[in-house]
Amino acid sequence: MMGETTSGVSIADGYPRVDRWTRPLVKDLFASPLPLSALLDSIPVGVAVLDAHRRLLYFNQYLESLTGFHRDQVWGLPCWDVLRADVCHHHCPFDKASAQGEGLSLEGDIINRDRRKIPVRLSSVPFVEGDGSLLGYMEIVEDIRLLKASEIAGHAYSFGEMIGHSSNMEELFRIMPIIAQTDSSVLITGETGTGKDLAAEAIHQASNRAHGPFIKINCGALPETLLESELFGHTKGSFTGAVSDKPGRIRLGHKGTVYLTEVGDLPLSLQVKLLTFLDDKIIYPLGSTKGFQSDVRVVAATHRPLEKMVREGSFREDLLFRLNVVRLHLPPLREREGDIVLLMGHFLGVFAERFHKKIKGFSEEARRILQEYPYPGNARELRNAVEYAVNFCQDDCIKPEHLPAYLAAPQPPGPETAGEGVAVDPWASSAPSHRSGTNWTDMERQMILDALIQAKGRKNKAALALGWGRSTLWRKINQYGLES
């Protein structure tokens with residue numbers, strides 16, 4: 001039953017609710033009421049206001065960018081369903097402090113809407129009436145990725161979460177801090193799995209914008225109509241289903257960095273709109289003639305040959321010029337001499353700690369297999385292979401039988417020499433069988449089918465055997481039409 005409404009607040013089944021079209025106001029502090037967003041949206045940390053049951057009543061723009069959720073989407077949800085912090089798995093760590101009317105601060109990880117783990121410092125302060133009754137809470141969420149990155153030690157050369165001691169990586173680590181201190185657009189190129197996302201985030205965290213939001217937008221993940229709304233926002237009624245105004249991700253990145261991954265997949269019509277924004281820094285939401293200023297630094301990344309796309313007419317030359325002010329090329333793993341061994345040890349330490357395994361290292365044969373494999377998927381593929389091995393290893397040393405079987409099999413052509421190849425059954429312990437097909441696309445499709453059959457349709461297990469992430473397997477299943 002809906003109760004009376006006062007100042008935009010309604011009572012539904014005893015649960016106070018702010019009407020979705022009304023913004024909370026701060027009264028009595030100033031000569032006239034002030035929207036709460038005017039106070040909290042300018043703060044460079046995440047701020048959430050919760051009721052006594054820890055259900056979200058409001059959170060600020062910084063927390064929107066950090067979590068990837070719009071405040072209208074999460075109203076009334078328990079905070080742990082939105083932040084998804086590891087410290088909340090069993091019980092709320094703030095309950096004890098709240099019972100005593102005290103604040104508490106601790107560190108943990110949250111999982112944002114893009115399923116990225118972000119280290120944060122969480123602080124909670126209870127709101128208590130004069131008679132001691134609890135009214136609600138204010139939670140502060142501070143992004144501490146830069147602090148955690150600075151704690152990474154033990155490597156000869158590193159920048160952010162990137163590590164390596166080959167000469168080409170050493171040169172990158174030398175120039176990236178210099179690039180970070182400018183506001184110029186950056187274009188990061190490199191094959192799939194070379195670490196473009198890590199490079200973009202490291203540049204942001206080392207820049208003067210580190211306390212601002214880091215907004216990642218995958219230009220190839222959404223259809224054109226949805227991508228325009230995601231990038232630039234929309235107004236109420238601008239299209240069917242637009243029931244409220246929505247700020248675009250570029251606007252949410254104000255005072256921070258906007259990272260455009262897979263920028264080569266951006267449709268031509270949106271390339272024009274992005275170019276216009278890069279020129280004047282003004283956003284025009286879908287369905288609106290009113291522009292909004294957004295002070296962001298743009299970092300773009302792609303594995304596609306943009307110069308070739310310009311010649312073919314599928315990418316605008318003027319947009320390439322605007323993005324390509326500073327260019328970083330990340331070398332493939334096969335060109336990073338000595339880094340495979342370094343990364344093997346690093347990933348082993350990461351996953352052994354995560355899975356609570358006491359694994360000391362690799363056997364000589366396992367080490368040889370890992371070092372000789374060409375890694376068409378680069379550092380990401382090596383990471384997946386080590387994660388697979390740590391999952392299945394019950395000893396104190398990783399042996400060949402713990403590795404994905406395809407690592408020891410004859411390899412299909414790499415990215416430069418793709419042609420005819422042999423598909424590998426990643427579950428087989430013996431040599432792979434020859435499959436019919438004329439190119440690597442056919443072979444990869446057959447390899448996915450084999451893995452799914454062997455895994456009895458369990459995609460997590462199939463992805464693990466293939467050395468891929470689950471999202472990569474899903475994308476390739478859709479690409480090859482294997483959904484059914």
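Predicted model: local features only at pLDDT ≥ 70, side-chain atom pairs only at ≥ 80, totals over all residues.
I pair rings of Phe, Tyr and Trp (its six-membered ring) if their centres lie within 6.5 Å, and I call planes under 30 degrees apart stacked, over 60 edge-to-face and the rest tilted. With that rule I get 5 aromatic pairs in the structure.

Numbering runs from 1 along each chain as its sequence is written, and side-chain values use heavy atoms, with hydrogens and water left out.

I looked up Tyr 373 and Tyr 375 and found ring centres 4.8 Å apart with planes at 85°, so this pair is edge-to-face. Tyr 373 also pairs with Tyr 406, again edge-to-face, at 5.7 Å between centres and 75° between planes.

Where do Tyr 373 and Tyr 406 lie? I find Tyr 373 in the loop between helix H15 (364-372) and helix H16 (378-392), and Tyr 406 in the loop between strand E23 (397-398) and helix H17 (440-454), so the pair ties together parts 33 residues apart in sequence. Helices (H or I, at least four residues) and strands (E, at least two) are DSSP runs, numbered from the N terminus.

I put Tyr 373, Tyr 375 and Tyr 406 down as one aromatic cluster.

Buried or exposed? I checked Tyr 373 and got a relative accessible area of 6%, so buried; Tyr 406 is buried too, at 5%. Tyr 375 is also buried. My cut-offs are under 20% for buried, over 50% for exposed and partly exposed in between (1.4 Å probe, protein chains only).
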